[in-house]
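Visitor: I have a few questions about this one. Can you take me through some of its side-chain packing?
Guide: Go ahead.

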Amino acid sequence: MSDQHDDHAISRRSFLKMAALTGVGLAASGSLLEALAQSRFRLGEGPAAQLALTPNEIKFIKSRKLRFGFNMNHRTDDFINSVIDGGTEAGKQYGVDLLVGDANFDAAKQRSDVEGLIQQRVNAIFMIAVDADSISQAILKANAAKIPVIIVGGPPVRGKAAAVLNSTSYQGCFDATKALIKEIGGEGKIGVLNIPLALKTIKDRDNGVTAAVKESGGKVQVVATQGSFNAGELSAAAQNMIQANPDLKGIMCTWSVAITAALSAVQQSGKEIAVTGYDAEIDALKAIKTGKPATPSGKPILRATAGQQGRMH
């Protein structure tokens, strides 16, 4: 009787901690590990260090042969692929089978995929949603099936997530925009490349950009804002911004693929246009370290990216 009671006490918290550990991809990404070390989570308030599994929890998890749904909104950038790789590695470490899915930015497909995971009776679902509203119906079904859901990017409009993981997106984009404003001398025209996702974390990014520009007191003007999921479309949008605004001084990018697209467009233009962003790709981080890419005069065009700090609620 005592053993059964201990198992029951361990089970729910262990599932949630394991899902969170697997989801944030601790095994693959030092930056995410650092972010998690600075975060808080609500499985009972406490520091993120409490996410560490105890020996009893590890033993319990390995004995259960768990299956977790692992549904991503896309697989087009380094961050998502790092999460998948890290989650897969953590799953192997703890004997958890991951069923990885990719919505390719299709909200209807993601909803169907998550409903499929529910029908398969997975033990938990970790996901990065395409849309906080459209995924709500599937989360309500997971709630009814008593399958805990860990979600990244903000809570669903309806339904209950067992935990929500988020980065400080507002501050990150605020800081990156301030860096851009400083780089262009505190005044001038800039463009913005973003991502059209209906998630709290994405809205926070856009708001961070707006707040930083507002602080310039009208000295900085956003002359164009374009968003897309597609790298080619983002590059074309950046090229259009540059052509339509000969005096454009900078481009602020609120997600990783946009940074790469903006860099490509600026290099093709041959102009002195600064680029800053949030959520950088590995190639962009390498460019910062090496001082490349640069304009024809040799001035680096990628000056800064804002770091992420994780939050789990």
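Visitor: Which residues do ring pairs link into a cluster?
Guide: The cluster consists of F105, F229 and W255, joined by ring pairs. Keep in mind that this is a predicted model.

Visitor: How many aromatic pairs does the count come to?
Guide: The count comes to four aromatic pairs.

Visitor: Take F105 and W255. Why is the pair edge-to-face?
Guide: Their ring planes are at 85 degrees, and over 60 counts as edge-to-face, so the pair falls in that class. The ring centres are 6.4 Å apart.

Visitor: Where do F105 and W255 sit in the chain?
Guide: They are 150 residues apart, and the pair links distant parts of the chain. F105 is in the loop between β4 (97–102) and α5 (107–119), while W255 is in the loop between β10 (248–253) and α10.

Visitor: Is F105 buried or exposed?
Guide: F105 is buried, at 12% relative accessible area. W255 is buried too, at 2%.

Visitor: What about the rings of Y170 and F174?
Guide: That pair is stacked, because the planes are at 10 degrees and the cut-off for stacking is under 30. The centres of the two rings lie 6.3 Å apart. Both residues belong to helix α7 (residues 169–183) and are four residues apart, about one turn of the helix.

Visitor: And their accessibility?
Guide: Y170 is partly exposed at 36% relative accessibility, whereas F174 is buried at 13%.

Visitor: Changing topic. At what angle do the axes of α9 and α10 cross?
Guide: Roughly 45 degrees, with the axes of α9 (residues 231–244) and α10 (residues 256–269) coming within 8 Å. That angle makes α9 oblique to α10. The crossing is right-handed.

Visitor: Which residues make the contact?
Guide: From α9, they are A231, L234, S235, A238, Q239 and I242. The α10 side includes V257, A258, A261, A262 and V266.

Visitor: How many of them are nonpolar, polar and charged?
Guide: The contact of α9 with α10 has ten nonpolar and five polar residues, with no charged ones.

Visitor: Last one: L117. Where does it lie?
Guide: L117 is in helix α5. It is buried, at 7% relative accessibility.

Visitor: What is L117 in contact with, leaving aside its neighbours within four places in sequence?
Guide: L117 is in contact with G69, F70, L99, V122 and I125.

Visitor: And how far is it from I147?
Guide: The C-alpha atoms of L117 and I147 are separated by 9.8 Å, with the two residues 30 apart along the chain.

Key. Residues are numbered from 1 along each chain as its sequence is written. This is a predicted model: local features need pLDDT of at least 70, side-chain atom pairs count only at pLDDT 80 or more; totals for chains, interfaces and linings use all residues. Side-chain values use heavy atoms; hydrogens and water are left out. Axes are lines fitted to C-alpha atoms, for helices over the stretch in contact, and angles run from 0 to 180 degrees between N-to-C directions. Helices (H or I, at least four residues) and strands (E, at least two) are DSSP runs, numbered from the N terminus. Angles under 35 degrees count as roughly parallel, over 145 as roughly antiparallel, 65 to 115 as roughly perpendicular and the rest as oblique. A crossing is left-handed if the near helix is turned anticlockwise from the far one by less than a right angle, and right-handed if clockwise. Contact means heavy atoms within 4.5 Å. Ala, Val, Leu, Ile, Met, Phe, Trp, Tyr, Cys and Pro count as nonpolar, Asp, Glu, Lys and Arg as charged, and the others, Gly among them, as polar. Rings of Phe, Tyr and Trp (its six-membered ring) pair if their centres lie within 6.5 Å; planes under 30 degrees apart count as stacked, over 60 as edge-to-face and the rest as tilted. Buried means under 20% relative accessible area, exposed over 50%, partly exposed in between (1.4 Å probe, protein chains only).
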